[in-house]
Amino acid sequence: MHADRQAAIASVTGWFAVNTRDLPWRHSTPWGVLVSEFMLQQTPVSRVLDVWAYWLGRWPNPAALAAEPSSAAVAAWGRLGYPRRALRLHAAATAIVGEHGGEVPRDHDALLGLPGVGAYTAAAVASFAFGDAYPVLDTNVRRVLARLESGTQFPPPHPSAAERVRATEWTTQAGPRAALWAAAVMELGALVCTSRRPDCGACPVAESCAWHAAGHPPGRTRPRAQAWAGTNRQCRGVLLDVVRRSPDGVDVTHLLAAWDDRDQAVTALDGLVADGLVALDGHLVRL
DNA sequence: AAAGCGTGGAG
DNA sequence: TCTCCAAGCTT
């Protein structure tokens with residue numbers, strides 16, 4: 001086992017050395033890495049690139065962002081999705097200024113304490129921004145390890161304790177190259193060991209992959225995704241998009257008319273206000 | 001701890 | 001067209 005993993009680490013990091021995407025946050029600051037990690041939560045790289053560049057140009061450090069109202073962050077978030085991430089990133093910047101002297105903390109627990117930073121993001125920043133050894137367990141890594149060691153097409157629906165233990169073992173066994181291993185195995189999942197069409201012919205560890213050896217048995221079909229049409233989520237998205245495109249605010253009545261079910265629109269608007277994504281200013285709604 | 005939370009591109 | 005899913009977090 002131990003030797004197998006050592007060999008796999010060497011193979012994957014070797015593959016990574018010649019297959020590294022030139023992503024801008026990879027030659028940025030810890031702040032740039034933190035911003036990228038927030039934006040990349042459930043959002044593809046291709047959609048993040050331009051927004052990230054704009055953010056880093058406008059707010060090159062946490063203090064610059066913290067100096068502006070959170071509405072500026074929501075506006076600049078554009079259509080990345082999950083706009084509460086913009087609020088949390090703004091709150092994180094504020095906390096970094098208030099509690100960490102304006103510098104993104106290197107300490108893993110301090111990172112975990114920031115708004116919007118969970119197990120993955122804390123490990124990713126510690127690893128990618130500072131080179132420290134933490135198990136970076138994102139959807140890519142989970143899929144790679146599930147195939148490589150469990151022989152299953154997909155990992156369980158949610159990260160399990162067993163997965164965390166296993167990821168930590170890999171990190172430990174990577175030793176001084178833990179951060180390199182983290183980036184490499186994640187990149188392998190993103191580029192080769194993909195969810196839909198894995199390219200096993202290009203995989204540096206296909207020969208030792210349990211799922212490959214078993215002949216690519218299909219995994220359990222996953223539960224159907226939540227229906228979208230008519231959901232509160234969709235309604236929130238429609239309403240927020242109207243507000244976002246109304247720099248001077250939009251009349252409440254006019255805003256609610258953007259959704260045919262008025263009761264649902266009222267509920268959704270209440271939620272947006274409660275979340276702090278929009279503000280009620282008399283009869284006007286604005287960011 | 002299960003559910004809620006956006007968006008757009010690929011297959 | 002429609003389903004899947006993309007560097008998760010919070011309550």
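The unreviewed UniProt entry places the feature "domain: HhH-GPD" at residues 39-191; positions follow the numbering used here, the feature name is shortened, and such annotations may be inferred rather than shown by experiment. In this predicted model, local features need pLDDT of at least 70 and side-chain atom pairs count only at pLDDT 80 or more, whereas totals for chains, interfaces and linings use all residues. Residues are numbered from 1 along each chain as its sequence is written, chains are lettered from A and ligands numbered from 1 in the order in which they are written, and side-chain values use heavy atoms, with hydrogens and water left out. The span 39-191 is 66% helix and 0% strand, and its end C-alpha atoms lie 19 Å apart. Helices (H or I, at least four residues) and strands (E, at least two) are DSSP runs, numbered from the N terminus.

A residue is near the strand if one of its heavy atoms lies within 4 Å of it. Of the atoms of DNA strand B that come within 4 Å of the protein, 64% belong to sugar and phosphate. The residues of this surface comprise eight charged (Asp, Glu, Lys and Arg), four nonpolar (Ala, Val, Leu, Ile, Met, Phe, Trp, Tyr, Cys and Pro) and six polar (the others, Gly among them).

Base nitrogens of DNA strand B lie 2.9 Å from an N or O atom in the side chain of Thr43 and 3.0 Å from a polar backbone atom of Leu80. Two or more residues of the surface near DNA strand B come from each of α6 (84-99) and α13 (232-244), and α13 gives the most, with five residues.

Technical notes: A polar contact is a pair of N or O atoms within 3.5 Å; within protein, one must be able to donate a hydrogen and the other to accept it, and residues adjacent in sequence count only if both atoms are side-chain atoms.
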